[in-house]
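Open the model in your viewer and keep the sequence panel beside it. The tour goes from one selection to the next and says what is there.

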Amino acid sequence: MKNNTIQVICGPGRGKSTAALGRGISALTQNQTVIMVQFLKGAIDPRNMEVIKRLEPEFKLFRFEKTSTAFEQLSEEEKEEARTSIRNGLNFARKVLTTGECDMLILDEILGILDEGIISLEELAGIIQHARQTETQLILTGTVYPAGLDDYVDEITRIQTRYEEGREKCCCS
């Protein structure tokens, strides 16, 4: 039996998606397959997609939203269209879990769609339980971590970016 874990990468800092991507690449080194579904990120920048395409077919990235505008800046009509696209992404993620299409599934910014009220905590808990049943490793990212997930996840990594006054923004100083 595979040892799967449910991991969360959260916090107000930058780098959550990058950390999840890094864990995905690490899984590739163990001959695993990875699917990453991104929410609330907008349309894919073609330059970034070129790099990700090089990792295929072992690593696949999907975005279902069509606009490059941040969700909170959309009109109500555009938000409704985005919600439909997000629901399509969630249905795709469920299908991936059902078919066992990958060893690791990354749901990037899924905590954001929870925070926006697009999905419920119960719905997210159902996705997590589905991942456990299919023995798929699951990584969830987002800014706000709800305490209601405590019983469902195995590992929580909190990221916070700190800038010192008077210093350049650098992660390694």
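Select E155 to begin: at 33% relative accessibility it counts as partly exposed, a class that lies between buried (under 20% relative accessible area) and exposed (over 50%), taken with a 1.4 Å probe and protein chains only. This is a predicted model, in which local features need pLDDT of at least 70 and side-chain atom pairs count only at pLDDT 80 or more, while totals for chains, interfaces and linings use all residues. Residues are numbered from 1 along each chain as its sequence is written, and side-chain values use heavy atoms, with hydrogens and water left out.

E155 belongs to strand β6 and R23 to helix α1 (residues 16-28), so the pair links parts of the chain 132 residues apart. Helices (H or I, at least four residues) and strands (E, at least two) are DSSP runs, numbered from the N terminus. R23 is also partly exposed, with a relative accessible area of 24%.

Next, show the sheet. In what order do its six strands lie? The order is β3-β2-β4-β5-β1-β6, in an open sheet with parallel pairing; two strands pair if DSSP finds at least two bridges between them. β3 (59-63) and β6 (155-158) are at the edges with a single partner strand each, so one side of each has no neighbour in the sheet.

Select β4 (residues 104-108) and β5 (residues 137-142), which pair over four bridges in the parallel sense. Across this pair, I106 stands opposite I139 in β5. Helix α5 (residues 121-134) packs on the sheet and touches β1 (6-10), β4 and β5, where contact means heavy atoms within 4.5 Å.

Go to T136, in the loop between α5 and β5. Is T136 buried or exposed? T136 is buried, with a relative accessible area of 1%. Leaving aside neighbours within four places in sequence, the residues in contact with T136 include N4, L97, D103 and A131.

Finish with E123 and R94, whose side chains meet in a salt bridge (2.6 Å, N to O). E123 lies in helix α5 and R94 in helix α3, 29 residues apart.

Notes:
Axes fitted to C-alpha atoms, helices over the stretch in contact; angles between N-to-C directions. Salt bridge = Lys/Arg side-chain N within 4 Å of Asp/Glu carboxyl O.
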